[in-house]
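My notes follow in the order I made them.

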Amino acid sequence: MTSMAKAPVLVLLAAVGCGSSAGTGGTAGTGGTAGAAGSTGSGGSAGTGGSAGTGGVSGSAGTGVAGAAGTGVWRPFNDQSPWNTPIANGAAVDASSTTFISDFSTISGQTSFWINIQDYSVPVYWVDASTPSVMVRASLGGTGFRTGAASDSVAAGTGLAPIPANAFPAAGSDMHLAIVDRARAIEWGFWDAIFTQVGDWSVGEASTMDLAGDGVRPPERNNPWWAGHGPRACGFSLIAGLITVDEIQAGAIEHALVVAYPHIQSRYYTPPASTAQGTTTDALPTRGILCGGRIQLDPALDVTTLGLSPAGVAIARALQKYGAFIGDYSGAVSLYADASDAARSAWSGVLANDTAQKIPLNRFRVLAIGTIYDNMN
């Protein structure tokens with residue numbers, strides 16, 4: 001796995017056990033706290049989300065790090081990133097793909113995609129150099145935390161981050177929050193983010209991601225161990241794999257998506273994941289697709305015959321062209337869309353929790369799994 005380039009500004013902490021997520025919450029990553037249960041088959045009821053920060057709902061064409069192929073829509077990471085690399089024709093399929101997908105597509109009560117928008121998703125706030133920084137108190141420190149200190153990481157501590165005054169974490173037990181500066185190519189990602197008072201936040205995990213790089217953190221077993229941790233259970237940044245307003249309006253999603261589901265395999269992971277889901281009653285080390293596993297919708301399937309809306313077709317085509325990486329535990333088979341108030345307003349009549357339900361889960365395949373790491377959790 002390629003190590004992540006360290007961001008040149010203060011990062012949030014990357015905790016050992018962050019990010020259970022979506023649907024019913026579930027157990028956090030490495031040693032994290034169990035998430036509160038949500039309703040089966042849904043991503044939760046409407047939550048706070050939060051309105052857009054500086055810069056509005058999404059980036060304008062030509063700004064930021066990379067433009068999505070042919071659309072002019074901003075996307076994070078360079079073109080060589082696994083998130084932005086189309087799946088090659090004839091890509092190798094894992095020997096256990098049929099077994100994995102048989103389980104993935106037949107979980108009781110969870111046999112179709114649910115798009116997390118209101119709860120357990122990711123509100124994105126766009127900032128720039130003029131956004132004032134506020135104090136962040138993190139349980140564990142990660143890459144970029146306390147920039148300029150002898151070590152980027154501390155067991156617990158405080159640091160600064162440009163969080164807009166109108167920012168709110170996602171509803172649900174994970175309380176994810178993403179702060180993105182396109183010009184400086186940085187994400188500040190938070191898990192278990194709680195606003196405590198004016199100019200002061202408490203978070204369970206905080207870490208930055210270099211959005212001009214490949215979007216891949218080093219494995220957690222590397223030294224320093226904390227560099228592998230991110231706000232999702234599998235170590236991913238929050239903007240990675242997220243459905244945004246601009247790309248749905250453009251009619252094309254030019255990157256891989258992130259998917260979470262109840263039977264994610266615990267303990268083990270493969271790049272681009274850098275940590276593993278913790279073991280729960282649902283997530284077990286003996287079944288399921290591990291963190292970082294890549295699934296692909298059958299490229300021969302004519303998605304225009306599925307009765308999907310335009311947004312649903314865009315999602316299906318992305319799942320054929322780029323696929324999706326397994327990124328977290330969820331009580332439903334979940335995809336993720338921007339959950340800020342501004343984005344949710346734009347989703348009205350365009351994208352809903354059931355927009356992808358007609359995409360058949362049994363028409364997926366698991367691509368060949370590479371190096372497997374044991375997170376011992």
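Entry 1: I started with Q265, which stands opposite L290 in strand 14. This is a predicted model, where local features need pLDDT of at least 70, side-chain atom pairs count only at pLDDT 80 or more, and totals for chains, interfaces and linings use all residues. Residues are numbered from 1 along each chain as its sequence is written, and side-chain values use heavy atoms, with hydrogens and water left out.

Strand 13 (residues 265-269) pairs with strand 14 in the parallel sense over 2 bridges. For my own reference, strands (E, at least two residues) and helices (H or I, at least four) are DSSP runs numbered from the N terminus, and two strands pair if DSSP finds at least two bridges between them.

**Entry 2: a hairpin.** I then looked at strand 9 (residues 194-197), which is joined to strand 10 by 3 bridges and runs antiparallel to it. The two strands form a hairpin with 2 residues between them, and G199 in the turn has a positive phi of about 75 degrees. Strand 10 (residues 200-203) also pairs with strand 5 (residues 134-138), in the parallel sense, over 4 bridges. I noted what stands opposite D200: Q197 and also M135.

**Entry 3: the cores.** A nonpolar core here is a set of buried Ala, Val, Leu, Ile, Met, Phe, Trp, Tyr and Cys residues joined through side-chain atoms within 4.5 Å; buried means under 20% relative accessible area (1.4 Å probe, protein chains only). The largest one has 72 residues, and F113, I315, I359 and F364 have the most contacts inside it. Which helix gives the most to this core? I found helix 3 (residues 310-321), with 7 residues.

Leaving out residues up to four places away in sequence, I359 touches several others, including F113, L297, L306, I315 and F364; contact means heavy atoms within 4.5 Å. Another core lies apart from this one, with 17 residues, among them V127, A138, I186 and A206.

**Entry 4: confidence.** The protein's mean is 83, and 77% of its residues reach 70 or more. Over residues 1-65 pLDDT stays under 50.

Key: pLDDT = per-residue confidence, 0-100. Buried < 20%, exposed > 50% of the residue type's maximum accessible area, 1.4 Å probe, protein only.
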